[in-house]
Amino acid sequence: MAAIDFLAEENICGQTVLKLVSRGNAIIAELLRLSDFIPPVFRLESREEQERYRFILPDFSYFEGPEYYETKIDSNPELQDIDDEFRENHIEILTRFYKVFESVHKYVIDLNRFLEDLEEGVYIQQTLENVLLNEDGKQLLSEALYLYGVMLLITDLKIDGLLRERMLVAFHRYSTQHINVDSNIDDVCKLLRSTGRIPISKVYIEMVIGRLRSDDIYSQISTYPNPQHRSTGLATQAAMLYVEDYLTEGTLVADFVLDNVVADHHKRCKQIREEVVAAGYKPKKMFVFLLNTAQFEFLLKEMFKKLMDEKQEKWEAFKKEGSERMTELGEVFSGTKPLTRVEKNGWWSRRVASLRYLLSLMTTSTSAGRKITQLIQAMEEVQEFHQLESNLQHFKKTFLVCSYTGFMQEFIKRQPSLVIKLRSTFLKMSSPCNLPCQRILEANSPDLVSVSAYYSRELVGYVRQVLQIIPQTMFHELLHQIIHILTHRMKEVPTRLEKDKMKEFAQLDERYDHALYLSYYSHTTSLSLSSPSLHPTLSSLPLLPPKVALTHLVESVFTEGILLMKTTLVGVVKVDPKQLLEDGIRKELVQQVASALHHSLIFNPKAKTCELEPKLVALSERMSGFRRSFEYIQDYVNIYGLKIWQEEVSRIINYNVDQECNSFLRTKIHDWQSVYQSTTIPIPRFPRSDSESVTFVGRLAREILRITDTRSTSYIDQMGAWYDKKTSVEVVNSRLWLQLKV
């Protein structure tokens, strides 16, 4: 049977294993996606959580005596309330986790059923041996086993064993009461308890491993003929073989994964690393080399793409010209028209001389045949030029770049135009996104959209992480200095100003110092983003860059950097550099403002004097500096600074209000449910600074209630202030509300 027939729609055997592999890739994407949304409460990290949920979130020991736990909960009204509240808040995410665990179980069951049907002859004229002889068949059978191993590895590495047990027990308890789920939960628990209690045919595993060891199942050797490059060509098979080698007994248990797969992997990596370092490995030079390689391959691909795009147009033009010249040549030989288009051409004269020499060598029919054969082969190579486009995928061999993130950011700071080359690197990294989607696409599965979107978003997230160094530089090396200028050095000019105060508000001495600073700093910032404090000649000048220097620096970082990246399609997600820049600025702003609010509004309940008013004054100055600095730079980075400021500050406050309200609500608002939280521009969560409040909103509200407590203070309406009952000293007045409003 021809190779392509195995994947034909009428071939039930091929379609069955293809759909199975497609489903396996979708399950892996879902496991990776959900691993980022594990509710923290299941970890039981604090002593408070352990005491509160000890009977609510047991591990698999629950199945040894469920009556004990249920009796404990039913006999305690407080535990009943906690249990009901926990179920209402987590049943949705628990159901989603259980479905993906059940999908892993169903995958291996369906794989075993397919192998049994293959052995029993359900698929006419198809056996395990025949399928492994087929090009597509041996690929799919190898991938089916490999994907199962990857599922078990990801489950162990991303979702800890105790977490899985608590989730499954919680789902078992809640689903039997409120959800009609027709599933084999006992078998799922057995699979997830020890990771892989469902055996797979040993013959199948051994035959697949033998095929991977002895055969080039993806036909990569022809692309890498040099023996030194074989390891690159067979890297995909090696990865599959590495996982499947540990499935020789038909299982991949958790202890075996941790003790053998992970340990062996770290051991080998350590050995290889030591060998590489001993050979004189220099990470910076290697990074530059990889960067240049990615840029070269990108340009080469674009060149081939341009050639292929223009091929038909040029063919039509040359065909027309050739037809016209043949017509003219016919007229010349008929004697009716002279040859008018012939120009002096040294190339043709040299080719004619070569042909004469070639003909002189053809002394015999045998030698002539060989020469003619060589010419025909050369013409066939030209004829096969159209196949270059399909072979371009071989240029897309990605390399591990995550370990070079620090070098990327360092080089971006020194040379913002490097982002152009990084664009090639990011595009190169997007090629692995196509591998999990290939089988899903071939199977026409509806999972294609969600799986491709997940891997593309993950890659875009990494792109954002690398390029975030630009907004960070902007904030740490620019805005902090601008805030210092606008808050402590420069007086804000009022709307109406008396003539005799113009000189005072002009601040000519300060601006003159700024101009001196500009004369050196504007030149330096065009070369690097190093802090001016590193230059001893500037030690006598204030670290206050004037507006022109800021313009120069911002243009150096943004205009020559991220904005040169152009709109790029990373996987299936379109990346707009302008939006990327704005999102990065928003993210850094949120980090800075949220941190300021958190650290500024921490109070000592035992303080003898009121801390609230001075803390609010300091916070107000800082927030005002942020806002004014954003207005100051918005024109230079082409963003709406005030709009961004208002949107993000409003989002931070609303999010923290929601989180504080969760303490009083039965139905909580989780991060993935909050309309104010974002994965692209996340609002950070800080650890509690007291036992009662969750966020700065709660601390602020409780501090106001504490200092205005009617047991220790009295409010005098005529004075508009609160006074201490014992000392008659003013505690706080109506200015507090104005400060809160600011």
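## Contacts along the chain

Among the contacts in the chain with a separation of 6 or more, 74% are accounted for by residues 24 or more positions apart. The structure described here is a predicted model, and its chain of 742 residues has 42% that count as buried. In terms of secondary structure, the chain has 29 helices and 5 strands.

## Helix packing around helix 1

Helix 1, which covers residues 12-34, packs with helix 19, residues 434-442, at an angle of about 140°, and the two axes are 8 Å apart. Angles over 145 degrees count as roughly antiparallel, and helix 1 and helix 19 are therefore described as oblique to each other. Their crossing is left-handed. On the side of helix 1 the contact is made by Leu18, Val21, Ser22, Asn25 and Ala26, while helix 19 contributes Pro436, Arg439, Ile440 and Glu442.

Helix 1 also packs with helix 4, residues 77-120, at an angle of about 155°, with the axes 10 Å apart. Helix 1 and helix 4 are therefore roughly antiparallel to each other, and the crossing of helix 1 and helix 4 is left-handed.

Serine 142 has its place in helix 6, which spans residues 135-158. Because its relative accessibility is 0%, serine 142 counts as buried. Leaving aside residues up to four places away in sequence, serine 142 touches Val208, Leu212, Ile217, Met240 and Glu244.

## Aromatic pairs

The structure holds 16 aromatic pairs. One of them is formed by tyrosine 454 and tyrosine 455, whose rings are 5.2 Å apart from centre to centre, with 65° between the planes, an arrangement that is edge-to-face. Tyrosine 454 is buried, its relative accessible area being 7%, and tyrosine 455 is buried as well, with a relative accessible area of 16%.

Elsewhere, ring pairs link Phe55, Phe60, Tyr62, Phe63, Tyr68 and Tyr69 into a cluster.

An open sheet is formed by 3 strands in the order 3-4-5, and their pairing is antiparallel. Strand 3 and strand 5 stand at the edges of this sheet and have a single partner strand each, so one side of each is left without a neighbour in the sheet. On average, and with direction ignored, neighbouring strands of this sheet are turned by 25° against each other. In general, strands of a sheet pair through backbone hydrogen bonds, in either a parallel or an antiparallel way.

Strand 3, residues 713-716, pairs with strand 4, residues 721-724, over 4 bridges in the antiparallel sense. Within this pairing, serine 714 stands opposite tyrosine 723 of strand 4, and tyrosine 715 has tryptophan 722 as its bridge partner in strand 4. Tryptophan 722 also has a bridge partner in strand 5, namely valine 732. Strand 4 and strand 5, the latter covering residues 730-733, run antiparallel and are joined by 3 bridges.

## Turns and positive phi values

The strands of this sheet are linked by hairpins. In the hairpin of strand 3 and strand 4 there are 4 residues between the strands, and glycine 720 takes a positive phi near 65°. The hairpin of strand 4 and strand 5 has 5 residues between the strands, and serine 728 in its turn has a positive phi of about 60°. Most residues other than glycine have a negative phi, which gives the background for the next two residues.

Serine 728 has a positive phi although it is a residue other than glycine, and its place is in the loop between strand 4 and strand 5. Serine 728 counts as exposed because its relative accessibility is 55%. Asparagine 444, which is not a glycine either, has a positive phi of about 55°. Asparagine 444 lies in the loop between helix 19 and helix 20, the latter covering 448-467, and at 63% relative accessibility asparagine 444 counts as exposed.

Technical notes: Residues numbered from 1 in each chain as written. Predicted model: local features only at pLDDT ≥ 70, side-chain atom pairs only at ≥ 80, totals over all residues. Heavy atoms only, no water. Pairing = 2+ DSSP bridges. Helix = DSSP H or I, 4+ residues; strand = E, 2+ residues; numbered from the N terminus. Axes fitted to C-alpha atoms, helices over the stretch in contact; angles between N-to-C directions. Phe/Tyr/Trp six-rings, centres within 6.5 Å; stacked < 30°, edge-to-face > 60°. Buried < 20%, exposed > 50% of the residue type's maximum accessible area, 1.4 Å probe, protein only. Parallel < 35°, antiparallel > 145°, perpendicular 65-115°, else oblique. Left-handed = near helix turned anticlockwise from the far one by under 90°. Contact = heavy atoms within 4.5 Å.
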